[in-house]
Amino acid sequence: MSKATGPDPQAPDPHAPGPHAPGPHAPGPRASAPHAADSHELIRVVGARENNLKDVSVELPKRRLTVFTGVSGSGKSSLVFSTIAAESQRLINETYSAFVQGFMPTLARPDVDVLEGLTTAIIVDQQRMGADPRSTVGTATDANAMLRILFSRLGRPHIGSPQAFSFNVPSISGAGAVTVERGGKQVKEKRSFSVTGGMCPRCEGRGTVTDLDLAQLFDDSKSLSEGALTVPGYKAGGWNYRLYASSGFFDPDKPIRKFTKKELDDFLYREPTRMKIEGINMTYEGLVPRIQKSMLAKDREGMQPHIREFVDRAVTFTTCPDCDGTRLAAPARSSTIAGISIADACAMQISDLAEWVRKLDEPSVAPLLASLRQTLDSFVEIGLGYLSLDRPAGTLSGGEAQRVKMIRHLGSSLTDVTYVFDEPTIGLHPHDIQRMNELLLRLRDKGNTVLVVEHKPEAIAIADHVVDLGPGAGTAGGAVCFEGTVEGLRASGTVTGRHLDDRAALKDTVRAPSGTLEIRGANAHNLRDVDVDIPLGVLTVITGVAGSGKSSLVHGSIPADAGVIAVDQTAIRGSRRSNPATYTGLLEPIRKAFAKANGVKPALFSANSEGACPTCNGAGVVYTDLAMMAGVATVCEECEGKRFQASVLEYHLGGRDISEVLAMSVTEAEEFFGSGDARVPAAHAILDRLADVGLGYLTIGQPLTTLSGGERQRLKLATHMADKGGIYVLDEPTTGLHLADVEQLLALLDRLVDAGKSVIVIEHHQAVMAHADWIIDLGPGAGHDGGRVVFEGTPADLVAARTTLTAQHLAEYVRA
């Protein structure tokens, strides 16, 4: 864009519209030259090198909708989130004082030469909402805050301030003497205080109470000497076992079921007692409190897999009997408006709650009611009217969490900001994608720049401008393959362009089931006594609009003993020290092979253990913390970023040291460990699975934090492919996958079925539906309008019937 020229750039533009002059779109005399301020119509990125980007330069039009496409791992998120949005946020943070910046996350400047024309970025990503047990849809969107004020003003009987309706505030009171200085003398006065909170005292605002299933802790038919304890780490001979067997409170040779009441109480619940056991001073404690402190107090995600499995088996969560799962104390439940308590309001489906609030007419709280109505209507408009405000935030899928975050931006009066979306169509039925497209266009039409990372052709179709990254993934990606219109993309010959009009055809023949998995009377969440037979030995797709009850049917109703391997959407947790080798367990056989070949300890070949470079502690980089300024990371001079001590790098396997092995791609490593001196069958099997799910290009030592959403999803799938079980349940496996990757996924699902497995997929992608052997369609709507099976049969029958929303969209997709 050329800048306006004139005798004096500072002088007012004589052609600029005056107070009563026609606006830029109104008919009127044409301005002879644009205003200098109107020349900044582009966001310019020059030389972006974050992650795998290779000196990328793009020009993005402002106040338009730009879609970024490309295979999973091609660098879309690196350009949009790690470069454009990150720099915008960093520059805004720098406008605050140093004191305020000290409390904010410190952001380093992205690795880019020039970024011009940035506007304030609002990021709406797919990060799952905090799984804190007290976080609900209502608390995450401010709807609860407004409801609490409403009930504190209009609720009868009146019980107190908004805090009295909050399940996060406990009721407390206290009294005592305070010393006050008055007239040079210190005077003691009695003071008392009380806070009325709404937290249920029994479950502390969680809605559930936990209990330990004693049958999972020990076998009561055996004695301690016979190995009655079944808790991990309590094997006969170990310290944990000896603590009980040698305590003297009971006979270790007596079966537990024959213990007296006192012996059983000492064994299970005794308070901590200092005593001598086998000549050593120790603290004896009952088995139940000991397990609660040592295992249950830890974050579930941080547990070792075998401990997590034990905890999942042993801990039972039951609805709190005092508050009936509402999380609220009795006084908060007793105060009502028009016969409805705040617990009733939060349990209602949001679309029904919006109707109830609309009927309230109270001038004294009119602004509050208007704001609450707007928030609840936004839920309905965005397609989340089927949720309730008391739904725990941690149970929302990635797509639902993203749309909940969108709610606060829908009615916003802000313009000229950049909205950044990460696959907003995730978890949406084709019927709902149309609605999402309208919302994105509405944000653009208010004068905002909308940047969207997306794979779905229906969402790419509405773009004003497209940037296609690739051509491949990882090191084979990171370059701009195409920049222009959607029509230009179609004709461009890039991977995305070629696949944009791909349509999977319906199968000519479908596989015959080898048996059935019976589900009877399923009523989890919104299911209505559903009876359904899921065929085994075939590819079954469960579909239906968002909120129709698919996850409730599959995750909540399939019997636990059916041998199910579930791969859900929960995010992979991992620090910058975690990588595909550590996450999949691949590093274990590699370390053992290195140790055996060189006659040393396996711990030497771990960058988190003995073999770590002492200068950078195995991180490969040295971080310098600069308080409120962005920290500086420099490559460690001692190990040159290799993460290991020099002495460790002298040990070789097949002519390579451990750092060279970790720098290999999955494909290279698969070849390396498949034959010759470096043959390690256990490592080769894991690498085979990684290549199977299309991750052959990944470096096995690459930090997990640098992987894209689609790559993490497939990494998790590869890990679970080794699990023992005959039924795979996959929750939206096409999340984050490019159209070209979906073909590869379908081939993988076919291989699993042909190997004798049963595959059940919850999916909205029409290509997966068309490829299925059997479809179960739930609906007809969401929330209480769903929860029923509206179709069971083959995809061809579904298209022929055209009785459901899914059928209509699938028929349109296969052009039937």
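Modeller: Helices (H or I, at least four residues) and strands (E, at least two) are DSSP runs, numbered from the N terminus. The model is predicted: local features need pLDDT of at least 70 and side-chain atom pairs count only at pLDDT 80 or more, while totals for chains, interfaces and linings use all residues. Residues are numbered from 1 along each chain as its sequence is written, and side-chain values use heavy atoms, with hydrogens and water left out.

Biologist: What is the relative accessible area of Arg 714?

Modeller: Arg 714 belongs to helix H24, residues 709–720. Buried means under 20% relative accessible area, exposed over 50% and partly exposed in between (1.4 Å probe, protein chains only). Arg 714 counts as buried because its relative accessible area is 5%.

Biologist: Which backbone oxygen does the side chain of Arg 714 reach?

Modeller: Contact means heavy atoms within 4.5 Å, and beyond four places in sequence Arg 714 touches residues including Ser 72, Leu 737 and Asp 741. A polar contact is a pair of N or O atoms within 3.5 Å; within protein, one must be able to donate a hydrogen and the other to accept it, and residues adjacent in sequence count only if both atoms are side-chain atoms. At 3.4 Å, the side chain of Arg 714 reaches the backbone oxygen of Val 693.

Biologist: How far from Lys 550 is the nearest side chain of opposite charge?

Modeller: Lys 550 is found in helix H18, residues 550–557, and a polar atom of its side chain lies 3.2 Å from the backbone oxygen of Val 545. Lys and Arg count as positive and Asp and Glu as negative, with His and the chain ends not counted. A salt bridge is a side-chain nitrogen of Lys or Arg within 4 Å of a carboxyl oxygen of Asp or Glu. Lys 550 is buried yet has none, and the distance to that nearest side chain, Glu 732, is 6.0 Å.

Biologist: Which residues of H18 are buried?

Modeller: Their cover includes strands S18 (515–522), S19 (530–536), S20 (539–543), S24 (727–731), S25 (758–762) and S26 (774–779). The buried residues of H18 are Lys 550, Ser 552, Leu 553, Val 554 and Ser 557.

Biologist: What is the strand order of the open sheet of six strands?

Modeller: Strands of a sheet pair through backbone hydrogen bonds, either parallel or antiparallel. Two strands pair if DSSP finds at least two bridges between them. In this sheet the pairing is mixed, and the order is S5-S14-S15-S3-S16-S17.

Biologist: Which strands are at its edges, and what is the average twist?

Modeller: S5 (121–124) and S17 (479–484) are the edge strands, each pairing on one side only. Axes are lines fitted to C-alpha atoms, for helices over the stretch in contact, and angles run from 0 to 180 degrees between N-to-C directions. From one strand to the next, the twist averages 15 degrees.

Biologist: In S15, which residue is the bridge partner of Phe 421?

Modeller: S14 (residues 418–422) and S15 (residues 449–453) run parallel and are joined by five bridges. In S15, the partner of Phe 421 is Val 452.

Biologist: Which residue in S2 does Arg 44 stand opposite?

Modeller: S1 (residues 42–48) and S2 run antiparallel, with five bridges joining them. In S2, Arg 44 stands opposite Glu 59.
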